[in-house]
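Here is a protein model to look at before some questions. Please open the structure and keep it in view.

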Amino acid sequence: FLTEYGLAGYNDEVLDVKFLGPGDSHIVVATNSPQLKVFELSTSHCQILYGHTETILALDVFRKGLMFVSCAKDKSIRVWRMNKDGRVFCAAQGLGHAHGVGAVSCSRLKESFIVTSSQDCTIKVWNIPESLTSKAKAALISSPETLHAQVTERGHDKDINSVAVSPNDKLIATGSQDRLAKLWSCSDCSLLGVFTGHKRGIWCVQFSPVDQILATSSADGTLKLWGLQDFSCLKTFEGHDASVLKVIFVSRGTQLLSGGSDGLLKLWTIKTNECVKTLDGHEDKIWGLHSNKQDDMVVTASSDSSITLWKDVSEIEQEEAQAKREEQIMKEQELSNLLHEKRYLKALGLAISLDRPHTVLTVIKAILKESDGRKRLEENIARLRKDQKEAVLAFLVTWNTNSRNCHEAQAVIETLLKHEAPDSLLQYSGIKSAVESLLPYTERHFQRLSRLLQASMFIDFMWQNMKLSDVSHQEDVIL
């Protein structure tokens, strides 16, 4: 993921954010206030929506992106609709909870119902009348319609922090401060099963878009995946050092993205249980986390009063890496051809551009193998650009540390000293550190050569004496 841009300037916490509009052209933001803000992403134009009388706590958007729901501390929910011109108005409102409404989830297949949960420990299912979903009828709405809950069920013993509707609209999941997540039937809110295992309260529940799996995040710092058939824990993801407030499925259900109270986002690969990336995008709790319908962009909202948009660039990076690999293969083949054709100057330039010291060394060794190798090396080194010579200087520092390659390194040093003025060499990038590194190894190589020369002279002396001894012995025999 890559940060694309952020929106800042709020007076208080940003409690939730969702993509909105055709093609996710807008975002709707709930701040620590009774007003909503709707931003058009292309222009940053902002609409302020009035209706709630206390702080709005959560948002959710229907699949088409034209209708969304807000819930607030004022114990109410409101349904909002966007016109073709981007203007948003309140189409309906509902009352019924005894305390603030802290979580809301919309039906996934059609704009047919809403599920809410509250500090009153209940969940409610609200049906959406046809007058709100029909474009023709919705255009005639002059004042918000009144919604009534069709089903109410006491779900947990403590605050319900999160509620989610399954992709097929048949199941509801809830997560509570009582450390439990529960699965319910959408039709009558009958309890189907309980997910037990978290050590502290559950902050978020999310259904997988592709598998029969539920994800949960908790104040115990972990994420868990659960099977919907037997309610067993399939995987646990550990890595957050703080409460995990939000979790969503991304990358077509193959990865999880989680947000913590420490402001960190973590990207997890489900198959390997591995955290593949940690993103430090916020300075405080991440309350809002939502991905767009294309599954290539994420928006986050935090207590630090900021909103950040993240672009998924993994496919672009993979394409770039593949293109780079292909380019490297072509360059290596070209280098092989240049060496075969003894076009050493171009071969040197290409090897330097590949930034491979060993490849440059191979080219220099090939030059020195020629009958007039020293002369050719001088000609080619002299014709290199200054930046190329600087690169070769950096490479030969490494070569010079190995006695096998010190002869080539010394040959290049000799060439540079012979053809470059001292003032010119002093302008080279990294010349000081290069000289400091070259001196001790060069002295060592000369000492080794001196010892080899002495040994060679001794062996030669012994060999001459042996030959003289043999001649003397032969003369004694003859006599």
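The questions below concern this predicted model.

Q: How many helices and how many strands does the secondary structure of the protein come to?
A: The protein has 479 residues, and 49% of them count as buried. Its secondary structure comes to ten helices and 29 strands.

Q: Are the planes of the rings of Phe237 and Trp268 stacked or edge-to-face?
A: A search of the whole structure finds five aromatic pairs. In the pair of Phe237 and Trp268, the ring centres are 5.7 Å apart and the planes stand at 65°. Planes over 60 degrees apart count as edge-to-face. The angle of 65° is over that cut-off, so the pair is edge-to-face.

Q: How many residues apart are Phe237 and Trp268?
A: Both residues are buried. Phe237 lies in strand S22 (residues 233-238), while Trp268 lies in strand S25 (residues 264-269). The pair links distant parts of the chain, with a separation of 31 residues.

Q: Which residue forms one aromatic cluster with Phe195 and Trp226?
A: This cluster has three members. Beside Phe195 and Trp226, the member asked for is Phe231.

Q: What span is expected for helix H5 at 1.5 Å a residue?
A: Helix H5 covers residues 357-368, which makes twelve residues. The expected span is 1.5 Å times one less than the number of residues. From first C-alpha to last, H5 reaches 17 Å, close to the expected 16 Å.

Q: Which residues in H5 are buried?
A: Buried means under 20% relative accessible area. In H5, the buried residues are Thr359, Val360, Leu361, Val363, Ile364 and Ile367.

Methods: Residues are numbered from 1 along each chain as its sequence is written. This is a predicted model: local features need pLDDT of at least 70, side-chain atom pairs count only at pLDDT 80 or more; totals for chains, interfaces and linings use all residues. Side-chain values use heavy atoms; hydrogens and water are left out. Rings of Phe, Tyr and Trp (its six-membered ring) pair if their centres lie within 6.5 Å; planes under 30 degrees apart count as stacked, over 60 as edge-to-face and the rest as tilted. Helices (H or I, at least four residues) and strands (E, at least two) are DSSP runs, numbered from the N terminus. Buried means under 20% relative accessible area, exposed over 50%, partly exposed in between (1.4 Å probe, protein chains only).
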